[in-house]
Structure formats: structure tokens, C-alpha cells
Amino acid sequence: MPINASRPGGTNSKARPSASRARRPVAPDGLRRIRWPQEDNKIPREIFTDPDLFRIEMDSVFTGPVWVLVGHESEIPQPGDFKTLSIGAIPVIVIRGANGRVGVLVNACAHRGTRLVEGPSGNVLRGGFRCIYHMWTYDTEGRLIAVSLPDDFPAEFRKEDYGLPRARVETYKGAIFATLNDAAPPLLDYLAELTGGLDRVLGDGALRFLGSIKVIFRANWKLYVENIYDGYHVTALHTGFQVVRLRSHGGERLVPNYERNGHLWGRSKSTPVNELTPALRDMSLFDTRTKPTTDHNMMVVFPSGVVTDYFDTIQLRYVIPLDLDRTQIEFAFFGRTTDTDEALWHRVRQGPEVLGPAGAITLEDAAALERVQLSATARGENVVLKGTAKRFPPYRHVDEAPIRHFYHAYRRLLGFPAPDTQKADGR
Amino acid sequence: MALAGRVDLGERRQAALDLLTQYIRIVDDPRRIEEWPALFSDDAEYIVITRENHERNLPIAVIRDDSKDRIADRVTIIREFWGAGGRAADRHYNDAWPRHVVGPVWVEFSESGDALVGANFAVYQSVQVDVAPRLLAVGEYKDVVEFSGATATYKAKKVILDTSVLQDVFVYPL
Ligand code: FES
Ligand SMILES: [Fe+2]
């Protein structure tokens, strides 16, 4: 497994596999059967149904040279606070250490691999993480601090060699990113121009965590992520927007830094609430009260982080592939520390009702993606058409063309042959 | 007990149980969802929240219909936004047939005579795209039922979900 996580104080060289292996993933023989057309607007459906590919993605993408969005500092405000999630298939603990610094530890005991924490969140300032199996105990930095009955251990056993693997962690305006790969560039280089959009949503980073909701989508993780790049479906699929006659009045879909990382920054300006058809008695779902204009940002930090400030809803999403056809989405909601009580409560009332598992503008995505997944066994290719006359960003906010850049970045990581970017069929 | 002379708690208990039965029959029948708001009082709230958020005092709920308006809006969202239940036959986003299994039910009374009704539930949904029914959610109701004459309505219906991860998106109220 190409994890290049470092162990605190570790001298165990086996814990540091070579970075070069992780840097140059090569599609193994089994994947040659996946035929990518020359045109970059065609996506072979096998990539949503191939179990070998899924396993390879967990390494080549999620433990590749990427930065994975894993949380916001306000979710773990106090020393010892932690939350759990996965980076691809690797279970991790995102923790604020006793020293106040944020760390990301692999959630598996260094002895015989037992999951250390099961729950979604908690605090371990007192006692650290104690493994139930043989009672090894780790501190908030992942250092092994106590071992039960070590008297007959080999003479060379040293606790320092058995810390929990740690991911590299960097934060940007409070957003926590982790990488398990030494070859990942510094976070700022990785985010590049996307910081312009992140600044708008994250502000100076002073957010207040309001809670999160997690739900399982019955679709491959790539279908979930590519859907965010797709501006074409927004008015077609989301009938609620049609019912209240909410439109986008301009905007664009940028793929900042597309040549390297394939992030997305979608910007749009929507109809103000007082000009909408009042189909609901309580139209606060579609109201924008905390911003001067109805401009919204919707971003993907490649490969699996979503950041948005749609209406007044400040939301981070963490996309966790569970299986080929099952993906867990965590919707985390935030307010600003400067919010009045009224503004904060408005966010609480709006967020999940619009962008959440029971949200007026979310269910449809789940339904559509499940159906794409269901028929992906039909083979053939999915095709991207709208906006593909343009080869490079910026695209219009109603275009689906940015999806191509997601797959450019994806193909690079997996070692699939690069597409011919001069060719886009069907126009 | 102060109320004993004025109201018949046995009757109220039965009315609260009947209300729960009505509720289940309506949310389990996509054709009847228009009848759902009438089960609530004018200042009622309907909240679906995970046990995790409930216990951590985090305000984010899966559903926070904290007014009668929002309760009525849910029907509009189901019918008009999602096209569920047949009115917009071409737009069945998730045409699920829900099925609640509820019990046991326990009833207590507050000082003011409201019934505090608790119940365990499991909700399955059967969807067109799948042959097997899907277990959607397991949890507990914590309801407050108020009475006006012989009529019982929900002043509050709180649905607490045992797992932090919802197994599926869903259309009809839990
Ligand atoms: S597996 Fe954790 S102490 Fe043995
Ligand atoms: Fe969508």
C-alpha cells in the first residue's frame, strides 16, 4: 500500500515506502481492458463498475499526490477533540492535539490493526486512544505511550517504532487537508487559484460548526464528484428551481489550475428571493441574507472535497467511497463567528432543507446518479457535450464541459493514457 | 393528579395512540400525503435529527420543519419539486413506497395534560429500481400530543435516528 505517512519519532524504515512508487502509478494489466476513447469528452462506463479499478483508485487517487479535504478546524475546537472519516479506504482520525495543533492519524492500532475509535467524534484529551484488544495506548500525536505486559517482547522492541501513521496536514483558512503521499506539493501550490473561491466561502477561517449529516448515495464516487462539475443538469434535474423560477443570471465555471489538478470553481448569481414564484409559504430556503449579492460559489477540491456558500448555506462536503456503487457524503454545515443569532438560526433552518439528504435540491442528484450507476453495466460511453466547443476554462455556468478536466486529472493519477484534447466529438 | 378531575386520561391516551396510527397510515401511503399537515397543531414542529447531533446539542437536523408553514411546504416539495406520488408522473425522482414498523409505544402525561408519546420505529422503503426492500432508518419518536376537545394533534414530533449515517435519501416523512 503506497502510504507515505510518517510515524512520529519512527525509526522503522519499513514504514516509509518509496515515494517514487506512489508518484508513478501505472495502470496494471487488468486495467488495459478499459478503453478510453481518444476524445476527452467520452467516459467509458466500465470505470464505474470495475472492482479492480476501484481498488487501484483507493491507492492511486486517494493516497496519491493529492490533498484530501477532511474537515474544518471549528469541528474540533478543543484540545483532544477528534472526528473520524476515511481518506479513500484508509480510516483516519482528525484530531486537535494536546498542543492545539491539528493532526490526522490512521485509525488502526499499530499492533494488530484494531480500529481505535469507532464513533464519529469525541474527545480523548484524558487517556488518549486505548486499543481494546491488548490495551496499547496512544497520545493525541499518535505516539505509543503505554503497552500492557511487554515483559516477553523481543529485546529490540521500542515504543517509538509503533506510533500511528500520520498524514501530512495543512490547513487553509481553517479547512483541514491531509495527504498520505510525500510527493504532494505544498497545499498552497496544490490549491493554486482555487484559493480565490475558497477565500469567499471560508473568509478568514472563523467559522462555527453547526453539525453534519451523512448519507449514502448508491453511486460510484466519481459520479458524485463529476456531478458538481456539471452545470447542465442544474435546471433540468432540479425541478424545485423551475417551480420557484430560480435562474442563474450569469456566472461561470472555472477550472483553476486545470492543467495540473482539475479543481472546479463554479460561480453563479441567482434570482433574488423577492423575485421568485412563492411556491412555498416559507421561502427562506432560497433567501440570501448574509451576503451583499446572490452570488454563490460551488467548488471541488480535487479529488473529493466540496466547498460551497449556496444562498446562506456554508457547507463543506467530504466524499468517501465505500464501494464501487456506494459513496458516503458528509454534509458539514457552518456559520460565521460574527453571525448574529438570527443569521445563525437562518443558516440552521436553511442548510439541510436545501442542500442535505432531505434537501429540496439534493434528492434529485441522488436519484439521477443511482440510475446512472444502475445502467453503467450497459457498457459504452457517457458523453459530455454542453460547452465542449471551448477547450479551456472559463466555461459558462450551464456547461458540463468542465467534467473533462476532472477526468484529465483522474487519468493522470491512474496512469491511463492522456486524451487527445484537440478532439471532442459530437459537435 | 391535578388533571384527574377534569380530563379522562384514558381517553386521551387512546386518542394519542389513534393519532400515531393515523400518522403511520398517511406517511406510508404516497397517495395520502396531503393529509399529513392536518395531524399537526398550528404552532407545531416536525424534526428529524441524528442521535449524534441531538446528544452533542448540534442544531443541524435532517429536517427542521419548525412551523406549520414548513410542514405544509413539505407536501409541496414532495409533490411539486420531486414529482413524487404520481402527480407529475414523468418526474418520479425516488418513487419509494415507505413502510413503518412501530412499537412499542409508551405514553405519559405532562402537567398541562399533553401526552408525551414515545415509540420505536424502523422504516423500510421499497423502490422501483430494486427488488429488495431497503432499511432506511431505525430510531425513536419523541412526540408531544395536545388535545382540543376530542381532537389530538402533534404539537411536536421529534424523530431521532440511531445512526449518524442515513442509509438512503428519502421522500416521505419518517
Ligand atoms: S491490536 Fe491494538 S493492542 Fe493489540
Ligand atoms: Fe445537482
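Residues are numbered from 1 along each chain as its sequence is written, and chains are lettered from A and ligands numbered from 1 in the order in which they are written. Because the model is predicted, local features need pLDDT of at least 70 and side-chain atom pairs count only at pLDDT 80 or more, while totals for chains, interfaces and linings use all residues, and side-chain values use heavy atoms, with hydrogens and water left out.

Me: How many helices and strands are there in chain A?
Reply: Helices (H or I, at least four residues) and strands (E, at least two) are taken as DSSP runs, numbered from the N terminus. On that basis, chain A holds 10 helices and 20 strands.

Me: Why is chain A as compact as a globular protein of that length?
Reply: The globule rule is 2.2 Å times the number of residues to the power 0.38, and the radius of gyration is taken over C-alpha atoms. For 427 residues the rule gives 22 Å, and chain A counts as that compact because its own radius of gyration is close to this, at 22 Å.

Me: What percentage of the residues of chain A count as buried?
Reply: Buried means under 20% relative accessible area, exposed over 50%, and partly exposed in between, with a 1.4 Å probe and protein chains only. Among the 427 residues of chain A, the buried share is 60%.

Me: Which domains does the assignment give for chain A, and what distance separates their centres?
Reply: The bounds come from an automatic or database domain assignment, which gives domain 1 (28–64 + 208–427) and domain 2 (68–169) in chain A. Contact between them (heavy atoms within 4.5 Å) takes 18 residues from domain 1 of chain A and 15 residues from domain 2 of chain A. Taken over C-alpha atoms, the centres of domain 1 and domain 2 of chain A are separated by 32 Å.

Me: Is A:Ala192 buried or exposed?
Reply: A:Ala192 sits in the loop between helix H3 (187–191) and helix H4 (195–202) of chain A, and its phi is near 45°, a positive value in a residue other than glycine. Most residues other than glycine have a negative phi. With a relative accessibility of 18%, A:Ala192 counts as buried.

Me: What is the phi of A:Arg245, and where does this residue lie?
Reply: A:Arg245 counts as partly exposed, at 47% relative accessibility. Although A:Arg245 is not a glycine, its phi is positive, at about 55°. The residue lies in the loop between helix H7 (239–243) and strand E13 (248–254) of chain A.

Me: Which residues does a cis peptide bond join in chain A, and which in chain B?
Reply: Most peptide bonds are trans. In chain A, the cis bond with omega of about 5° joins A:Pro393 and A:Pro394, and A:Pro394 lies in the loop between strand E19 (381–383) and strand E20 (395–396). In chain B, where B:Pro104 is found in strand E3, a cis bond with omega of about -5° joins B:Gly103 and B:Pro104.

Me: What separates the C-alpha atoms of B:Ser112 and B:Val127?
Reply: B:Ser112 lies in the loop between strand E3 (96–109) and strand E4 (115–127) of chain B, and B:Ser112 is exposed, with a relative accessible area of 55%. B:Ser112 and B:Val127 are 15 residues apart along the chain, and their C-alpha atoms are separated by 43 Å.
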